[in-house]
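Here is a short tour for a first look. Keep the sequence and the 3D view side by side as you read.

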Amino acid sequence: MSPETIITNAKVLTMDEAHPRAEAVAFAGGRILAVGGRAEVEALAGPGTRVVDAGGRTLLPGFVESHLHLVLGGNELSQLQLGGVLGLDALAAAFRDYAAANPGLPLVMAQGAAYEILDHPVTRADLDRVIADRPIAMMAPDHHTVWANTAALQAAGILQGAEMPAGHVVVMGADGKATGELLEFEAFSPVLALTGDLHLQLGIATGGEPEPWPDAAQRAKDKKKVAAGLAHCASQGITSMVNMDGNRYTCVLLAEMEAEGRLTARVKVPFHFKPHMELSELERASAMAAEFRGDWVTSGFVKMFMDGVVDSRTAYMLHDYPGTTERGAPLFAAGRFQDICREISRRGLQIAVHAIGDGAVRQTIDGYEAAGRPDLRHRIEHIELIDRADLPRLGALGITASVQPPHPPGAMDFPMSTMAHVFHRERWRDAYLTKTLADHGAPLAFASDWPVTDVSVMRGIEAALTRVPYDGCQDERVGLHEVLRAYTAGGAWAAHMEGLTGTLRRGMAADLVLIDGDIEAIPADRIGQTGIALTIAGGRVTHDPAKIAGGPV
């Protein structure tokens, strides 16, 4: 078979340890036919082969985004973005301009509101001063806190408060009414429901399915949002992703898009197990795993939350937060969590647990140890703080550290001020570890957690390489090739996709990204400004801004 495409004159970093470097790659039918020297690969060209001159740019396996929220991110692309906005005047101007341009929205929803957006804790009274006659709300970057004005709280039926599951809080004021601060999904779901898009949140909010099932017209609208998210990810060189929320409906949307030729990345979708569920509901997880097992849409893992986030002090700590008697609380009791892990593992399914505080991390490790299935590659998402005693257990139990280079305060977009508020100074050396986790044998998988942070892999690489050690703490950076591996082969391995993608070698999927430069020569502090010249997923061009390969299909 002659290649359909040859990319040549490239600096190929294959991530294949047996043959780490090459100059050209040939592929056809969505699979790699050859990886090697320029002359030997170019000699394979037939009369119909498209030959792409890479001009000395770096060619890598397509990036594997190991933790994002595709549907939520796609949905939010059209909402008001508040990144960098500080102060009431700037906040009001942004909201009012957006509201005026979108008069028909039932809820004016904003994203990326910093916890310190005002010089005091945000209340509904503050947002009433912004806009009082329309429901408005804004989400924190971590997606664990929403602030709403009085009109939104009233429309959502929670102005007088509401009963919530443990860990989810409608914060109440001295006047007996909601303050406007809503902590965790169940608390702010009634507000998000005003948009008409709540069914897209069900996977992460309740673990349930939409009822009634969305009709063809609604699915078409939803797929348009997914397509926007996919295009955004393709522009960053992403060809595979682990979607950390979702349900069977998410899989159905993606499968329909695959059949329509509109799915431009491989997506792995979890069954979301919530604390209120009985073990019998894991039958739904097994059913999803059996139904969706192709090269493009797959399930096969269960996602859980063990705690919240540090900013709202809902992350579960082994010790009190600075200046408080608060520690957060685990969302699962320890014994029950171990029973859940055993049952998931018995079914041959992988587990991914959001665990941010050191208490949550320890309880998650205990659950994986009880399950006793390192072959399933159970993983912990985030690990923002860990007790030193637990470090050796990660490697010993084969637990993947799924961490996000953009997340450490000061590394990219999150301010350093967070550190003093939520971590005791003597514990900074145990916070946001990367190299230390790897040194203790934990496989690394890197990601952004988009839309919590910018999905740009290049900015993530820069953050990983340029992060300054905290005062008095060890350097937690790993080298360029370790970073690239965590965004490619490491992510593929963590997702059980290493037989399909993550490396460039014969027989693997033709998932490739061409960096607009020589990544080994670009100064680390300029990598984030480096563009993506070409993205190819399954042999199909999904991003080609300069049309060096003829443009996207």
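Start with helix α3, residues 88–101, in this predicted model. How far apart are the end C-alpha atoms of helix α3? They are 20 Å apart. At 1.5 Å a residue, the 14 residues should span 20 Å, so the two values agree.

Which residues of α3 are buried? They are Leu91, Ala92, Ala94, Phe95, Tyr98 and Ala99. These residues cover an arc of only 165 degrees around the axis, so they sit on the same side of α3. An α-helix has 3.6 residues a turn, so residues three or four places apart point the same way.

The other face of α3, turned away from the buried side, carries exposed residues. These are Asp89, Asp97, Ala100 and Ala101.

Next, the cysteines. How many disulfides does a search of the whole structure find? The count is zero. A disulfide is a covalent bond between the sulfur atoms of two cysteines. The table takes two cysteines in turn.

| Cysteine | Relative accessible area | Closest cysteine sulfur |
|---|---|---|
| Cys233 | 0%, buried | Cys251, at 17 Å |
| Cys251 | 0%, buried | Cys233, at 17 Å |

Two loop residues come next. Thr453 lies in the loop between β23 (444–446) and α16 (457–466). Is Thr453 buried or exposed? Thr453 is buried, with a relative accessible area of 7%. Its side chain reaches the backbone oxygen of Ser448 at 2.5 Å. Leaving out residues up to four places away in sequence, Thr453 touches Pro406, His407, Phe414 and Ser448.

Ala524 belongs to another loop, between β24 (512–515) and β25 (532–537). Its relative accessibility is 29%, so Ala524 counts as partly exposed. Which residues does Ala524 touch, not counting those up to four places away in sequence? They are Glu462, Leu465 and Thr466. Now look further along the chain. Ala524 and Gly167 are 357 residues apart in sequence, and their C-alpha atoms are separated by 40 Å.

Technical notes:
Residues are numbered from 1 along each chain as its sequence is written. This is a predicted model: local features need pLDDT of at least 70, side-chain atom pairs count only at pLDDT 80 or more; totals for chains, interfaces and linings use all residues. Side-chain values use heavy atoms; hydrogens and water are left out. Helices (H or I, at least four residues) and strands (E, at least two) are DSSP runs, numbered from the N terminus. The expected span of a helix is 1.5 Å times one less than its number of residues. Buried means under 20% relative accessible area, exposed over 50%, partly exposed in between (1.4 Å probe, protein chains only). The arc is that of the directions from the helix axis to the C-beta atoms. A disulfide is a pair of cysteine sulfur atoms within 2.5 Å. Contact means heavy atoms within 4.5 Å. A polar contact is a pair of N or O atoms within 3.5 Å; within protein, one must be able to donate a hydrogen and the other to accept it, and residues adjacent in sequence count only if both atoms are side-chain atoms.
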